[in-house]
Amino acid sequence: MARRFSGLITSENPNPMYGGGRNDVGIDRIVIHHNATTNKNIAMSTWYTGSGNWTSAHYEVTPTEIIGCVEESYAAYHCGGTGGSDVPKMSNPNERSIGIENVNSTGAPSWSVDPRTVANTAKLVRDICNYYGIPCDRRHVLAHNEVTATACPGGLDVDEVVRLANGGSAATPVQPVAPNPKPATSNIPSGFKPENGTFVNGDTEIMNRVGTPSTSAQQGGYLPPNGEWVYDSWAKVGNYTWIHHVYNGQHIYLPVREWPRGTAWGTFK
Ligand SMILES: [Zn+2]
């Protein structure tokens with residue numbers, strides 16, 4: 001009965017990710033998440049075994065992709081709570097559920113999700129409900145924050161997901177992403193000097209501030225297709241995840257969570 005992935009996937013992520021047995025618990029819930037990042041590869045890399053995070057999800061959804069991550073026959077670690085007083089509101093939350101992660105189209109504080117991503121997740125929800133005989137309603141398709149205490153799924157509207165999964169039409173028409181959205185300003189480190197929504201050309205101050213990534217950086221090695229971040233390593237320094245770019249021969253670090261796709265950047269020599 002158990003299957004590996006929905007037939008709707010556009011690719012599989014081949015990297016081993018955290019997962020466990022379902023202990024004969026039947027699948028009767030779907031839990032919806034947002035990545036809390038606009039970079040799908042950063043999100044998925046946090047689920048790799050060896051990352052030390054002990055988190056994972058079955059699917060990663062973007063405006064153009066449904067990526068198989070953890071096979072449905074295994075439990076993924078996406079809604080089990082963090083321990084202490086964070087007690088999940090249902091029994092066996094991971095064993096009984098399938099977790100769907102959605103990439104964000106903007107960062108804090110709105111954490112929006114592109115309507116195309118929402119539509120893809122709705123298709124996937126419909127398919128999973130059909131396969132396992134799960135009623136496609138809000139009692140069985142849940143937001144992460146309906147299971148444990150969390151801000152997830154950010155700006156993603158699970159009511160909309162379920163409505164679309166049941167054949168409804170989108171509440172708002174699909175809009176193209178603005179070419180240069182003004183970045184959130186709340187978490188910009190003091191070394192960066194955003195000006196009219198772009199980085200101004202910087203100086204050695206920034207490289208000095210983030211000089212440690214070369215020692216703590218984790219190799220990513222991604223060269224994603226059109227429009228995605230291109231980088232070859234990243235690092236967590238303080239509260240920020242920094243991505244190292246080589247752009248026209250110059251080394252650039254950007255904090256990944258703060259800057260949506262299309263944000264212009266300065267260069268730091
Ligand atoms: Zn979540």
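The model is predicted. Start with the whole chain. Five helices and 12 strands make up its list of elements. The chain has 269 residues, and 49% of them count as buried. Now look at contacts between residues at least 6 apart in sequence. Of these, 66% join residues at least 24 apart. The surface comes next.

Turn to the rings. A pair of aromatic rings is described by the distance of the centres and the angle of the planes. The count here is four aromatic pairs. One of them joins F5 and Y59 edge-to-face, with 6.0 Å centre to centre and 65° between the planes. F5 lies in the segment before β1, while Y59 belongs to strand β3, so the pair ties together parts that are 54 residues apart in sequence. Both F5 and Y59 are buried.

W54 and Y77 form another pair, and this one is stacked. Their centres are 6.4 Å apart, with 25° between the planes. W54 sits in the loop between α1 and β3, and Y77 in the loop between β4 and β5, so this pair links parts 23 residues apart in sequence. How covered are they? W54 has 57% relative accessibility, so W54 counts as exposed. Y77, at 25%, counts as partly exposed. Together with Y18, W54 and Y77 form one aromatic cluster.

Finally, find a charge over a ring. The charged end of R3 sits over the ring of Y131, 4.2 Å from the ring centre.

Terms used: Residues numbered from 1 in each chain as written. Predicted model: local features only at pLDDT ≥ 70, side-chain atom pairs only at ≥ 80, totals over all residues. Heavy atoms only, no water. Helix = DSSP H or I, 4+ residues; strand = E, 2+ residues; numbered from the N terminus. Buried < 20%, exposed > 50% of the residue type's maximum accessible area, 1.4 Å probe, protein only. Contact = heavy atoms within 4.5 Å. Phe/Tyr/Trp six-rings, centres within 6.5 Å; stacked < 30°, edge-to-face > 60°. Lys NZ or Arg CZ within 6 Å of the ring centre and 35° of its normal.
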